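Colleague: I am new to this structure and would like to learn how to read its features one at a time. Could we go through them together?

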Amino acid sequence: MYRQFGKRLFDILFTILALCVFAPILGVIALLVRVNLGRPIFFSQKRPGLNEKLFTLYKFRTMAVAYDASGNLRPDAERLTSFGRFLRTVSLDELPELFNVLRGEMSIVGPRPLLIKYLGLYTAEQARRHEIKPGLTGWAQINGRNAIAWEGKFTLDVYYVDHMSFWLDISIIALTVWALFKRKGINQPGQATMKEFMGSGDRE
């Protein structure tokens, strides 16, 4: 029952409440992004969601636009500003994803939406993370976030797919708040977030 109907209702009610609480913060962050990084204020990118259907993900921009001598965009870790790093540390850059939740493209809790280019690299078991909507936070985010290896992250994602429940969602949300205070697992050493996923087996 919760998987079919309750989770969407929970997402809507929680998101409306969150937007009421965070509306002033959203405005302040938008202004600070404009001052520190210029335009655009938002980072948008196509990501695979439920059943691998693509949607446009929105975040506050955290990186500067910088190119090397050859005209290539510099690595993420080099373009991530101190201001952007702060936004990522406390996950404030992800607040615009609340609008993705309202639109029904994401959920409050679920596997994080990853890059399109990873779709062909998942094993059949790992690909099951797309059986539900992606989330702002998830089981993997409170069990290591970006500090754990990709395979471990996907195992945690699939665990959530199989064990989704109202009380698990409440627990994940509460533990997410606690994890933000601890500020652990934000990135792997030398990376803005994690190393690129290169695959761990055939999808067949």
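Predicted model: local features only at pLDDT ≥ 70, side-chain atom pairs only at ≥ 80, totals over all residues.

Colleague: Where does Ser 91 lie, and is Ser 91 buried or exposed?

Modeller: Buried means under 20% relative accessible area, exposed over 50%, and partly exposed in between, with a 1.4 Å probe and protein chains only. Ser 91 lies in the loop between H3 and H4, and with a relative accessible area of 16% Ser 91 is buried. Asn 51, in the loop between E1 and E2, also has a positive phi, near 55°, in a residue other than glycine, but Asn 51 is exposed, with a relative accessible area of 60%.

Colleague: Which residues of helix H3 are buried, and what covers them?

Modeller: In H3 (residues 82-89), the buried residues are Phe 83, Gly 84, Leu 87, Arg 88 and Thr 89. An α-helix has 3.6 residues a turn, so residues three or four places apart point the same way. The cover over the buried residues of H3 includes helix H1 (2-37) and helix H6 (166-182), where contact means heavy atoms within 4.5 Å.

Colleague: How should I read the packing of H1 and H6?

Modeller: Axes are lines fitted to C-alpha atoms, for helices over the stretch in contact, and angles run from 0 to 180 degrees between N-to-C directions. The axes of H1 and H6 come within 11 Å of each other and cross at roughly 35°. On the H1 side the contact is made by Tyr 2, Lys 7, Phe 10 and Phe 14, and on the H6 side by Phe 166, Asp 169, Ile 170 and Ile 173.

Colleague: Which residues touch the most other members of the largest nonpolar core?

Modeller: In soluble globular proteins, nonpolar side chains tend to be buried together. A nonpolar core is a set of buried Ala, Val, Leu, Ile, Met, Phe, Trp, Tyr and Cys residues joined through side-chain atoms within 4.5 Å. The largest one has 31 residues, of which Ile 29, Val 33, Phe 60, Leu 95, Leu 98 and Tyr 160 touch the most other members. H1 gives the most to this core, with 9 residues. Leaving out residues up to four places away in sequence, Val 33 touches Gly 38, Ile 41, Phe 60, Arg 61, Phe 83 and Leu 87.

Colleague: And what does Trp 139 touch?

Modeller: Trp 139 is found in the loop between strand E4 (135-137) and H5, and with residues up to four places away in sequence not counted, Trp 139 touches Leu 156, Tyr 159, Tyr 160, Leu 168 and Ile 172.

Colleague: Which residues does a cis peptide bond join?

Modeller: A cis peptide bond joins Arg 39 and Pro 40, with omega about -5°, and Pro 40 is found in the loop between H1 and strand E1 (42-48).

Definitions and conventions. Residues numbered from 1 in each chain as written. Heavy atoms only, no water. Helix = DSSP H or I, 4+ residues; strand = E, 2+ residues; numbered from the N terminus.
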